[in-house]
Amino acid sequence: MGGAAGSRVRRVAIVSPYPAPGERSPRGSGVLSYTRGLAEALAHHYEVFVVADALPGVPREYVEGGVTVVRAFRPDPLYPLRAAEELRRIGPDVVHVQHSYFLYGGLLEGAIFPALLAASRPIARVVVTMHDLPSLRQLGSPEFLRMNGIRGPGPVLRAGVVALNRAIASLADAVIVHEEFLREVAVRDYRMPPGKVVVRPHGAARIALEDRARARGELGVGDGRTLVLFYGYLSRYKGLDVLLRALEGGLLEGRYSLIIAGGPHPRAPGDPGYRAWLSGLLGRVRELRARGADVRITGFVRDPAPYLSAADVVVLPYLERFSASGPAAAASANGVPVLLAEPGVDGGELERRIVEFVESRGAAGGRAPAPLWEEVAEGYYSFLESPG
């Protein structure tokens, strides 16, 4: 491998799909905006390249935010070779690869992801950030698979994910996850060596919040109401049905307003089960509105600033957690109280916690503030620079 263990990191090449120039809130995977935030923050400490996907009308190579972006591959089975070719040209000290199961294309592209790591090992030390890490319990649950639109024989799927994750761990010098509970999943369920698994929190950008009263006025939120905000893609595992049940009384009594700032997940509308669920959710919102409740769904939001400026609390009642939440990080880092469900909380207990949290306007305990990107980037690769 290029670079001995314990040597200083100076040049970093990140491999990931990446937003188009100037695009701050790209549709699709949240990994894109994550990678941009991390890369631009790291550029204050390292020489940073991003080896990214080719986009129509976008130059093959350019500099943005202090980062050199090289558009080298497409979402097809050749992406490991195309990326590795560019990595050899760059000659980094660290190859930092972003991983999510369908980030580089479909099932085939996901299955050959280890080939990208194998091709990178002769070039430099290899670090992989795993953005999604379902537990074996989740993979064995038909309900979890249904909520996430995953079809196919459960045992085969489980065996494939186990084999893939263990291959990633064997080929990487380090595996980064964003939460301590994900580190536990990596070590317990996938037998990853504990010394290889590093927790680096999900960072967030500093958002220029607006005057609260003005933002509430622009959104048409009545005086005296507690504005509850959910934002992010509308997915079945995120607990929106629970949220509506928990808040129904306060919404109908005029004590709460609820804004669901998000739209359908780009990969989900092709799933008939998802379409049926979404139709039911929209119908429930229409029913509540007809009864006088102030509840609305906005569709995809490019700029969360007006909503975060107006919100009293952000509630993200995820029924299952297998990744970090970008919306939770953004809200908490910018001073908005966030309730993020802990793994394993049952529906009744979750409803009680939501009401308690909303009634107290966040004083009843919630998500600890996430760090800003500049805090995350400081000493980011120290685990590679210290022999221990």
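The exercises below work through the sheets, helices and cores of a predicted model.

Residues are numbered from 1 along each chain as its sequence is written. In this predicted model local features need pLDDT of at least 70, side-chain atom pairs count only at pLDDT 80 or more, totals for chains, interfaces and linings use all residues, and side-chain values use heavy atoms, with hydrogens and water left out.

**Exercise 1.** Give the strand order of the eight-stranded sheet and explain why β3 and β8 each have a side without a neighbour.

Solution. Start with the terms: strands (E, at least two residues) and helices (H or I, at least four) are DSSP runs numbered from the N terminus, and two strands pair if DSSP finds at least two bridges between them.
- The sheet is open, and its order reads β3-β4-β2-β1-β5-β6-β7-β8, with mixed pairing.
- β3 (61–64) and β8 (197–199) are at the edges with a single partner strand each, so one side of each has no neighbour in the sheet.
- From one strand to the next the twist averages 25°.
- Within this order, β2 (residues 47–53) and β4 (residues 67–73) are parallel and share five bridges; Phe49 has Thr68 in β4 as its bridge partner.

**Exercise 2.** Which strands does helix α2 touch, and what angle does its direction make with β4?

Solution. Contact means heavy atoms within 4.5 Å; axes are lines fitted to C-alpha atoms, for helices over the stretch in contact, and angles run from 0 to 180 degrees between N-to-C directions.
- Helix α2 (residues 79–90) touches β1, β2, β3, β4 and β5.
- The direction of α2 makes about 145° with that of β4.

**Exercise 3.** What is the order of the five-stranded sheet, and which helices lie across β10?

Solution.
- The order is β11-β10-β9-β12-β13, in an open sheet with parallel pairing.
- β11 (294–297) and β13 (338–340) are the edge strands, each pairing on one side only.
- β10 (residues 256–261) is joined to β11 by four bridges, and Ser257 stands opposite Asp294 in β11.
- Helix α10 lies across β10 at about 155° to that strand; helix α14 (residues 347–359) also lies across β10, and runs at about 170° to β12.

**Exercise 4.** Which residues have the most contacts inside the largest nonpolar core?

Solution. A nonpolar core is a set of buried (under 20% relative accessible area, 1.4 Å probe, protein chains only) Ala, Val, Leu, Ile, Met, Phe, Trp, Tyr and Cys residues joined through side-chain atoms within 4.5 Å.
- The largest core has 55 residues, and those with the most contacts inside it are Leu229, Leu234, Leu247, Leu258, Val315 and Ile354.
- Helix α10 (residues 240–252) gives the most to this core, seven residues.
- Apart from this core lies another of 44 residues, including Ala13 and Met130.

Note on methods
Buried means under 20% relative accessible area, exposed over 50%, partly exposed in between (1.4 Å probe, protein chains only).
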